[in-house]
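Let's take a walk through this structure, one ligand at a time. Have the sequence and the 3D view ready.

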Amino acid sequence: MKTLVPVLGDQLTPTLSSLRDADPADTVVLMMEVGDETTYVRHHKQKIAYILSAMRHHAAALAAAGWTVDYVHLDDPDNSGSFTGEIARAVQRHAPERIVVTEAGEWRVVAMIDSWETLFGLPVEIRSDDRFLCDHAEFDAWAKDRNQLTMEFFYRVMRRKTGLLMDGTKPVGDRWNFDKENRKPAKNDLFMPRPHAFAPDAVTEQVLALVAERFADHPGSLDDFAYAVTAADAEKQAAYFFEKALPQFGDYEDAMLTGERHLWHSILSPYINSGLLDPLDLCRRAEAEYRAGRAPLNSVEGYIRQIIGWREYMRGIYWREGPDYVTRNFLDHHRKLPGWYWTGDTDMYCLKEAIGQTLGTAHAHHIQRLMVTGNFALLIGADPAEVHRWYLEVYIDAYEWVELPNTLGMSQFGDGGLLGSKPYISSGAYIDRMSDYCGHCRYDVKQRIGPDACPFNALYWDFLARHADRLGDNPRLRMPYRTWNRQSAQSQDETRHQSEIFLQSLDNESESAY
Ligand code: FAD
Ligand code: DLZ
Ligand code: SF4
């Protein structure tokens, strides 16, 4: 039966469920570069370049493996600009008898696919995306009847299911989680691993030119584009990570250093999320490094937890909470993000570093996202839907299924604590402990009041004071509220005044890009 198999930009996996039992003689694989996907938010230029180049390379690999691939380029004059429009044109060209597609990664695209059967009068088979360990039914069964969806318990189910780091029924090392050992600050180190920089080939050069011309008004720079765009190159980066960085990944997972965007992180998320690398395979290889004595347990457990724990859990939450998850705003926050989130032009050094790096490379690591840009946005009371949009735009690994729960849920507490029992907030002291940023900053991290005081300090206490009605009885915030309540009324007034002046200056200073 002649079958049309649309392969989306984050489905670049040769063993995709929609292709697995297909007969190449009777199948047309359709890949579509479309305007709607490149502009539904203003993606960072490097994110668009990465996805389009990886799609073009994947199409060539599929064709070399014997598939008939119909590839629609963005600058094709007849390009309709949408997935649905391109399916319509492909139905005309190929007259398929059915469509088989692997489920999409976001509600927006699910709605499109759901309309195809009626629109085209063809059967549409939607297959589960089994690149993930936990399907929707399994996550829902786990979550049902639980008051709190604690990631740690979900993670243990995934450990048992995969057998990763298990000795029989017990976790290796007699503990499930070594997170407490993964919080060391880092020092500059000449031997710090420097990941591969992949020089653009002819295909990538063409895409870079297209993106430079067509998306000139999108955030970010294309200058230092150095991402892998093929499975083979992504694999080189994975091999490099296991050899050079994994052993110290755990120790320095939360550390931040000026000018160092990689530290001991893997920088593999773009490749995992678009399908060039298989997450379970990476976890098995990490375990093998531990079993062979080449990497310590705190690193390997930490790495595996991020993937089979946090990554799968975030996806489960996204699909379980539904399309209106994006509208949640538990703290009733409505401030616009400052315009310098799109330029990095601020005198707060930590933010300048994290945003500058983000605009330069479309990547920042977890603690920069959570405790610098995310923490600041939360403390100033930024609108969580806007913050979500910013993260979706600027990060190369950002697809809504993973970005939204991380941003709106974990980082902005927009869901009121579904994902975390307290908001991820801190004063400047945390940033000072985990980075070398404050030493370079014009502000004094030890001061709370005055023109040189680190803005995070007054903002932190003012946030707690503003939200005492919503958060005051949170058991995990008992200590800071006790400290705040012990302050004199005058000291509290001074702190809140300092914060108000800062927020005023933010509102006056720069226009949000939204
Ligand atoms: P490493 O530090 O090497 O971690 C290993 C792997 O674990 C990653 O490659 C990733 O696949 C996985 N992982 C780690 N943490 C998470 C997490 N919280 N959720 C899901 N997977 C995780 N990650 C994305 O993949 N896409 C996003 O859009 C995204 N948005 C985020 C937004 C915010 C506000 C925050 C706080 C985190 C976000 N993350 C997101 C999670 C995390 O920051 C990135 O996965 C990580 O920085 C990617 O870099 P890496 O590959 O070097 O990761
Ligand atoms: C993010 C993205 C971009 C920028 N462009 C395309 C594209 O032109 N064609 C495509 O198939 N996919 C693209 N993507 C990724 C899709 O947005 C992603 O596959 C959907 O979000 C499905 O969940
Ligand atoms: Fe950031 Fe404050 Fe440190 Fe400056 S002093 S780098 S604003 S935490």
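Start with the shell around ligand 3, which splits into 10 nonpolar residues, one polar and no charged. (Ala, Val, Leu, Ile, Met, Phe, Trp, Tyr, Cys and Pro count as nonpolar, Asp, Glu, Lys and Arg as charged, and the others, Gly among them, as polar.) Its members, each with a heavy atom within 4 Å of the molecule, include Met348, Cys350, Gly428, Tyr437 and Phe456.

A word on the ground rules: this is a predicted model, where local features need pLDDT of at least 70 and side-chain atom pairs count only at pLDDT 80 or more, while totals for chains, interfaces and linings use all residues. Residues are numbered from 1 along each chain as its sequence is written, chains are lettered from A and ligands numbered from 1 in the order written, and side-chain values use heavy atoms, leaving out hydrogens and water.

Now over to ligand 1. Look at the polar contacts (N or O atom pairs within 3.5 Å): an oxygen of ligand 1 is 2.6 Å from a side-chain N or O atom of Ser266, and a nitrogen of ligand 1 is 2.9 Å from one in the side chain of Asn406. The protein buries 99% of the 810 Å² that ligand 1 exposes when taken alone, by the Shrake-Rupley method with a 1.4 Å probe.

Methods:
Polar contact = N/O pair within 3.5 Å; in protein donor to acceptor, adjacent residues only side chain to side chain.
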